[in-house]
Amino acid sequence: MKNNTFYTKQTLKHFRHPHNYGMIKNPDGIGEAGNLICGDLMSLYIKVKKIPLKKGLVKEIIDDIKFKTYGCAAAIATSSVITDLVKGKTIEEALKISKNDIINILKGLPPIKVHCSVLAIDALNEAIYQYLIRNKKPIPEELQKTHKRIELGKKTIKKRYQDYLQSQRRAI
Amino acid sequence: MKKIYLDYAATTPVDPRVFKAMRPYFSQKFGNTMSLHWQGRQAAKAVEKAREKIAKFIGADPEEIIFTSSATESNNLAIKGTAFAHKSEHKNHLIISPVEHDCVIASARWLEKQGFEITWLKVDKSGLIDLEHLKNSIKKNTLLVSVIHGNNEIGTVQDIAKIGEICQKNKVYFHTDASQSFGKIPIDVVKMKIDLLTASSHKIYGPKGAAILYINHQAKIEPIIHGGGHEKNLRSSTLNVPAIVGMGKAVEILQSEGKKENLRMIKLRDFLINKILTEIPGTHLNGHRKQRLCNNINITFSGVEGESLTMELDFQGIAVSSGSACSSRNLEPSHVLTAIGLMAEDAHGSLRISLGRWTTKEELIKTLKILKIVVKKLRTISPVAYEK
C-alpha cells in the first residue's frame, strides 16, 4: 500500500475494501445521518434478532448491519468500521459505542475528518431509534437527546449552507 | 505500476531543457543581481535576458515586467498595490469576478475590510462574466477590474480583449490573472488593453519560485514588500536568479513549440471529454465547451464524492484533483463551482483532469478504463442515485 500521510494505513484499508456495504431487505431500522449539502451522507441498515432468555426475557442483538455512504475516504472508512463494531452486539452495547472506538480502530483520523466518525455514530443511533419506535419500545433518555440533536443538526446544516449560498450569491 | 500524472494545472514538472539552463546559476553563477562585481553582473545579465524573452512573449516592454516569487504574490501586488497607490484620489471601488483564484478573492476581501468597496461580477453557467454587468458596475470611483483569463478549475477562458476595451474606455485599470492561460493562449497586452497581468513559471514547465507581474508604464502601483529597492522599488527581495532563468527558458520553449503543443492537447482533451461523457452515465462537463483551456477537463460524476474518487484513482497511480468540499479546509464546496450555479452535490462530485506536455493518448485510454471501474465501485457504496 502506498504511503499517504493524511490518512492512516487502517483508514485507507477500510476505504479501499469496506466491510458490509450495501442494503438489507426489510431492515428493522434505518439510520440516516449527514447531509448531502455538506458533503457526506450515510445510511445504516440494521436487522435485529431476538434471542429468548429464561423467564420470558428476550435478548435483542443486531444480527446484520449494512451501510451506504456518499462521502470522502474517512466517511467510507468509518462506515465500514462501525458495521464491524456493531455486528453481534446487543442494542444496549451498540448504544455505548463512541466515536473514539472508531478512531482507535483507524489509529487516528485527521482533525478535520473527526466529524465523519460522529456521523457514523449518529447514523447508528438513528437506526436504533427507529427500531425502538417501530417496535413501540421505550427510548432511553440519552438516545432521545441524541435524536433531537441530530434532527436539529440537519436543520442547522441546511441553514448554514443556505447562508453560504447567499454569501456566494451576494458575489454574483 | 506505471503512474499517470494528469494534474498539470496544479503544477508541471520542470522541462529538462529548463533545468539544464538553470544549473549554472546555483553554484557557479550564483551572484546577487545588486552586486557591482562580475558575479553580480552575470546574474543581472541573466535576469535581464529572461525579462526580455518574457516581455516579448506578451508584447510588453521589458521595463514593464516585475519578477515575484509566485502568482499569489503577483496577484496580491496587483490588487493591493493598485488600491493603495490611488487611495488618496478617492478611487476606492474594485470590480472582481467571483471565479477568481483564492488569492485574488482573499486580497479583495481584505481590501473590503480596509474600507474599499468591491463589486462581484455576475457569471453565466459556463463561467463567463456578464459584460453588460461589468459596464454597468463601473462608477466614478472605480479603480480596477480583475478578471481571471483561463479559469484554474473549470478552464473557461474569458474574452479579455473585450474586457480590456471596456476598461480602457472607462479609464479603469484592468488586471488579469493569466497563470493558467499564459503559454496556452496568445496574449498581447497592448492589443488586449491589459494594464496588469500575472503569470507563473511552474505552470509552464519552469521551476516553482518565479512569477511575473506585467505593469503597464502608465499604471501607478505601491509596493507591498519594502526593502532594498529591487525591481524598480516595486518588489524588494534578492532575486531568485536560477528560477527566473528557468522561467525565461520555459517561455523560450513555448515561443517555438507552444502552438503545436496546444493543438495536440486540444485533440487529447476533446478525446477524453467525449469518451467520459458517452461511456460513463451520470456525467457532465463543467465550464465552457469551446472557450476552454486546451488542457482542462472538469467533469461531475453524479452520486460519487470527489475526494473518494481522487483517492481511488491515486491508488491506481493516477494523479488528478477535485473540487469536493471534503478536500477543502472549510468543508465548503469550491466557490467557482458554486458561482456557476452547480448544486452542492454536483460540486462535491467534480473531478479536474489537466493534461500537459508529456500526456499521451495511451495514458488517457488507461485513465478512462480505470475511471469506469472506480466510479462504478463508489456508486455501489453510495446511497445517492445518479440517473438523470
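Me: Two strands pair if DSSP finds at least two bridges between them. How many bridges join β2(A) to β3(A)?

Reply: This is a predicted model, where local features need pLDDT of at least 70, side-chain atom pairs count only at pLDDT 80 or more, and totals for chains, interfaces and linings use all residues. Residues are numbered from 1 along each chain as its sequence is written, with chains lettered from A and ligands numbered from 1 in the order written. Strands (E, at least two residues) and helices (H or I, at least four) are DSSP runs, numbered from the N terminus. β2(A), residues 40–52, runs antiparallel to β3(A), residues 58–70, with M42(A) opposite T69(A), and the bridges joining these strands number 12.

Me: Which residue in that hairpin takes a positive phi?

Reply: Look at the 5 residues between β2(A) and β3(A). The one with a phi near 55° is K55(A).

Me: At what angle do α3(B) and α9(B) pack?

Reply: α3(B) is residues 38–57 and α9(B) is residues 241–279. Their axes (lines fitted to C-alpha atoms over the stretch in contact) are 9 Å apart. The angle, on a scale from 0 to 180 degrees between N-to-C directions, is about 35°.
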